[in-house]
Amino acid sequence: MLFSNTYKQLTNISKVIYRSKGSKFIAYAIMVKSEEQVVDEINKIKKLDKNASHYCYAYIIKPDKSIEKVNDDGEPKNSAGKPIIGQIKSKDLTNCLIVVVRYFGGTKLGIPGLIKAYKNAALEAIQNNKIECIDITEMYSLKFPFEELNSVMNILKNHNANIINHKNEMISEIKCSIKLRYSKIFFEKISKNHKIDIKYLKTKQ
């Protein structure tokens, strides 16, 4: 279930290097849309950094943030994945995968040191990327007699709807998309005119 009209996600892939007591942490921040894509991206990174000691990661997916996972990949429990996902949540992001690759430098950092390193590496990767705010939209089909065209067009304009397709015949049909924030009042307004048949098609995220 969606609890917001918008969501935030990264726009591209970013990479940073963070160092602590000889260990090198390479953090990748990537926009992803599925768990299958997560697996693909992690495998790509493992090929790039094939000699690393650990491949720790965290991700959140879907506009409602319903899918999330962390992985410490052999580091002490909650010392890597948890601080990584904490940075994703602090920026209110979704569709976000952060992988932090560690090359062990010979000096143990201890759990507090690991938490700090993974947290800072993840944060810098996000800061080195760009964040965009996405509007969730709903798509509708409207069917109506031709003489109702002006009325329909005015309603579409007043509610910032986007016309996707328009068949202008005796029984006209318009397929449109509208931002979720406007969709309820738009639907109510259209429904008041019994000559217009409105049908919900899908939600685009």
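1. Strand E6 (96-103) is largely enclosed by the rest of the structure, because seven of its eight residues are buried (buried means under 20% relative accessible area, exposed over 50% and partly exposed in between, with a 1.4 Å probe and protein chains only). Strands such as this one, of at least two residues and labelled E, and helices, of at least four residues and labelled H or I, are DSSP runs numbered from the N terminus.

2. The model is a predicted one, in which local features need pLDDT of at least 70 and side-chain atom pairs count only at pLDDT 80 or more, whereas totals for chains, interfaces and linings use all residues. Residues are numbered from 1 along each chain as its sequence is written, and side-chain values use heavy atoms, with hydrogens and water left out.

3. E6 belongs to an open sheet of five strands, in the order E2-E3-E6-E4-E5 and with antiparallel pairing (two strands pair if DSSP finds at least two bridges between them). Strand E2 (14-20) and strand E5 (67-71) stand at the edges with a single partner strand each, so one side of each is left without a neighbour in the sheet. Neighbouring strands of this sheet are turned by 15 degrees against each other on average, direction ignored (axes are lines fitted to C-alpha atoms, for helices over the stretch in contact, and angles run from 0 to 180 degrees between N-to-C directions).

4. The bridges of this sheet can be followed strand by strand. E2 and E3 run antiparallel and are joined by seven bridges, and here serine 14 stands opposite alanine 29 in E3. Eight bridges join E3 to E6, again antiparallel, with valine 100 in E6 as the bridge partner of alanine 27. E4 and E6 pair in the antiparallel sense over seven bridges, and the partner of histidine 54 in E6 is arginine 102.

5. Helix H1 (residues 35-48) lies across E3, strand E4 (54-61), E5 and E6, and runs at about 155 degrees to E4 (contact means heavy atoms within 4.5 Å). H3 also packs on the sheet, where it touches E2, E3, E4 and E6, and its direction makes about 150 degrees with that of E2.

6. H3 has a helical partner as well: helix H2 (residues 81-90) packs with H3 at an angle of about 35 degrees, with the axes 8 Å apart. Residues of H2 including Pro83 and Ile88 meet residues of H3, among them Ile115, Tyr118 and Leu123.

7. The structure holds six aromatic pairs (rings of Phe, Tyr and Trp, the last by its six-membered ring, pair if their centres lie within 6.5 Å, and planes under 30 degrees apart count as stacked, over 60 as edge-to-face and the rest as tilted). Phenylalanine 25 and tyrosine 118 form an edge-to-face pair, 5.1 Å centre to centre with 80 degrees between the planes. This pair links distant parts of the chain, since phenylalanine 25 is in strand E3 (residues 23-31) and tyrosine 118 in helix H3 (residues 110-127), 93 residues apart. Phenylalanine 25 is buried at a relative accessible area of 0%, and tyrosine 118 counts as buried at 0%.

8. A second open sheet has four strands in the order E9-E10-E8-E11, with antiparallel pairing. Strand E8 (residues 137-145) and strand E10 (residues 171-179) are joined by nine bridges, and the bridge partner of glutamate 138 in E10 is isoleucine 178. Helix H5 (residues 180-191) packs on this sheet, touching E8, E10 and E11, and its direction makes about 150 degrees with that of E10.
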